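Below are my notes on the model, as numbered points. Please read them with the structure open.

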There are 4 protein chains.
Amino acid sequence: MPKVGMPEIRKPQLVEATMAAIDEVGLAGASVALISRKAGVSPGIINHYFGGKHGLLEETMRSVLRQLSHTVIEHLASVDKNDVPGRIKAIVAGNFDSYQVDNKVVKTWLSFWAQAMHDPQLHRLQRVNEKRLLSHLRHELKQVLPTDKAQFVAQGTAALIDGIWLRGALTPGGISPTQAQSIITDYLEKQLAPYL
Amino acid sequence: MPKVGMPEIRKPQLVEATMAAIDEVGLAGASVALISRKAGVSPGIINHYFGGKHGLLEETMRSVLRQLSHTVIEHLASVDKNDVPGRIKAIVAGNFDSYQVDNKVVKTWLSFWAQAMHDPQLHRLQRVNEKRLLSHLRHELKQVLPTDKAQFVAQGTAALIDGIWLRGALTPGGISPTQAQSIITDYLEKQLAPYL
Amino acid sequence: MPKVGMPEIRKPQLVEATMAAIDEVGLAGASVALISRKAGVSPGIINHYFGGKHGLLEETMRSVLRQLSHTVIEHLASVDKNDVPGRIKAIVAGNFDSYQVDNKVVKTWLSFWAQAMHDPQLHRLQRVNEKRLLSHLRHELKQVLPTDKAQFVAQGTAALIDGIWLRGALTPGGISPTQAQSIITDYLEKQLAPYL
Amino acid sequence: MPKVGMPEIRKPQLVEATMAAIDEVGLAGASVALISRKAGVSPGIINHYFGGKHGLLEETMRSVLRQLSHTVIEHLASVDKNDVPGRIKAIVAGNFDSYQVDNKVVKTWLSFWAQAMHDPQLHRLQRVNEKRLLSHLRHELKQVLPTDKAQFVAQGTAALIDGIWLRGALTPGGISPTQAQSIITDYLEKQLAPYL
DNA sequence: GATGAATGAGCCTTCATTCAT
DNA sequence: AATGAATGAAGGCTCATTCAT
């Protein structure tokens, strides 16, 4: 009688170990041996569950993106549908939520971002995510701005989010969510002022 | 007497080949064998000139940063010292100059940025560069803004530059310098308007 | 469950292959590739079991020293505790036992001896062994000689053992245990005669 | 007009550098690059003068052996032809002369000894040297001992010389010529006593 | 005579993956 | 389901040697 439900236990355990390994030694140093050691399992099991190292990396990236998506949706849920500035701030806040600015997650994310340039599957995931952020922002902005302007401000906001996040990735103290939000809020206020 | 002046020929040749390799297969795939093949030399020469692969990578990053620095300084040279908006636009333009948005350079840069998280030497280079951009921007902004505000706007501008650049790295068409500059110019105008 | 008990099979197998390789092409020529080929395993396994080539070499030296120690102890076991000349001859005989004068072992030993001059770990092993021989001899000699004299004769005997063994390493026919023992026995008789 | 006499200057310079390199990093670590650096010349010159690294090593060994031979002959020159114990002591003294017990020379010698097991040319040199020592000793001993006995004592003496020398190679303080001579002198006295 | 740039084979090691148990 | 022994290709690096200058 095989143990049941093992995949559901093992998979998150290995994804977590992958991020811990990337945090510690970088994507290049995150060998199957190291990850499995961190997870307390044997190296062979990674092929068993993920069909190879690549499958594990892809699942790890998916997991990070899923988390972000959930966090943003959660933040949005508590804001009135018509409070546009509030909803955009919620999206921004979701992107700088404590989980997202956790050093382990930031390092994993940037590692994957760089890797995605040469890996079609990761590239696709990354593009979907990028577009989702833009689409969320545009959707809200369209309620108060003309389409062109909404697209323009959405791109500016997305760039600010990613830029602050990128610069924070190499800063010893990590990302400061407060500062991030103050810069972006200021940007939005100046963009929306004429229309509100 | 041996061939002279070879270092001056070989070093840029190898740096160029390194960027070409990273462009093609990513930093992880850029092996000494591939790089040397692209440069049309033997693998051993990399040790001869750079003391190892790491030395070559470091020099490649330095080369990219040097280029950026030169480009920005050049752009600044043609703008009047007191034309603050013009000078900041020059800094921005320097960051989106054709060489800097060349796909090969963008990929190299992002690869190194990710790598820098786990490599003290690259980290140092990256930090110096980050701080230089901020310092350039702050220096100009201080001429028209109070110190606090100058620091604030400098961070916003730097974030926009890096964010647009980062998002462009994964966009099939690459970075659009025109769009980049229009977003950033708009940001600056709104920030400076009250003070001019 | 993986194959069990493999380390106990693989380790001696690889140590044996190391000595065979040294016998054939010398320590300098004994590459990991050659050793693993001789053992009929893949090169990677040496790291698996010994953490690297150096670990294998160290274990090989330990194995040779262990063998010597066992052989000497065995030879001593069959001689009466009070028969000093007999016990010393047993020590000598142990050092010229068939295993010890096997060409493969002699070459391995001399190779390590030379290597030990520049390798702290091998040096330590070699020193321990040297001192053990001296200490064994001195211990027996003290039963019939004054301390000073015992130390003196022990050094002479040890030098004879190593000298004959060293000279034999380069002699086409190898070491002649019979001749070795006759030279050393003669030395001992002359040294002990006045005291017996 | 070419520089004349260069070979006579360069060759000893390189031989000396070879011994210094072996002393410092062992035979295995003594690369052409290191040796040439120590000699203050370019790596290419070793091929020029010695036809390759092997030629340099062979010449280095020859140089050591030549030195020994000269030293022994010098020591012998000052002893009366008929003073057999004196002449043998002179041979022993020659073998423990200050140059011969210099750490650099001892290490070089032992390194070559080990190497000689797998290098026909070095082997030949080593054998010639071994036999010369034996032949010198036997020649003197025959004046006072029957042929058989002379051969026997010669072998014992040679073994003592090499054994003390070998054991001293790994002793931190190096070889003690005084102690060496006292052990060997004692041996000889006991062997010759009945015949004098 | 002398240099040192350049080569390329060979070294040790790492690593994702496979597979007998 | 899970292990970890074993593989073998690929990696970076060292090094004796060659050769244009």
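Predicted model: local features only at pLDDT ≥ 70, side-chain atom pairs only at ≥ 80, totals over all residues.

1. Chain C superposes on chain D by a rotation of 180° with 0.0 Å of shift along the axis, at an RMSD of 0.1 Å. The two copies are therefore related as by a two-fold rotation axis. Within chain C, G163(C) has the C-alpha nearest that axis, at 1.7 Å.

2. Residues are numbered from 1 along each chain as its sequence is written, and chains are lettered from A and ligands numbered from 1 in the order in which they are written.

3. How many residues of chain C are in contact with chain D? There are 33 from chain C, facing 34 residues of chain D; contact here means that C-beta atoms, placed from the backbone, lie within 7 Å. Of the interface residues of chain C, 100% are also interface residues in chain D, so the copies meet through the same surface.

4. On the chain C side of this contact, helix 1 (6-29), helix 7 (103-116), helix 8 (120-141), helix 9 (147-169) and helix 10 (177-192) each supply at least two residues. Helices are DSSP runs (H or I, at least four residues), numbered from the N terminus. Helix 9 of chain C has the largest share, 13 residues. By class, the side of chain C that touches chain D holds 18 nonpolar, nine polar and six charged residues. Nonpolar covers Ala, Val, Leu, Ile, Met, Phe, Trp, Tyr, Cys and Pro; charged covers Asp, Glu, Lys and Arg; the others, Gly among them, are polar.

5. The contact takes 31 residues from chain B and 34 from chain A. Helix 9 of chain B gives the most to its side, with twelve residues. That side divides into 16 nonpolar, nine polar and six charged residues.

6. V84(D), R87(D), I88(D) and I91(D) of helix 5 meet H136(D), L137(D) and E140(D) of helix 8.

7. Which residues of helix 2 (residues 32-39) of chain C are buried? They are I35(C), S36(C) and A39(C); buried means 20 or more other C-beta atoms within 10 Å of a residue's own, exposed 12 or fewer, and partly exposed in between. These residues cover an arc of only 95° around the axis, which puts them on the same side of helix 2 of chain C. The arc is that of the directions from the helix axis to the C-beta atoms. Their cover includes helix 1 and helix 3 (44-50) of chain C. Just after helix 2 of chain C, G40(C) takes a positive phi of about 75°.

8. I9(D) lies in helix 1 (residues 6-29) of chain D. With 10 C-beta neighbours inside 10 Å, I9(D) counts as exposed.

How values were computed
Least-squares fit on C-alpha atoms with pLDDT ≥ 70 in both. Contact = placed C-beta atoms within 7 Å.
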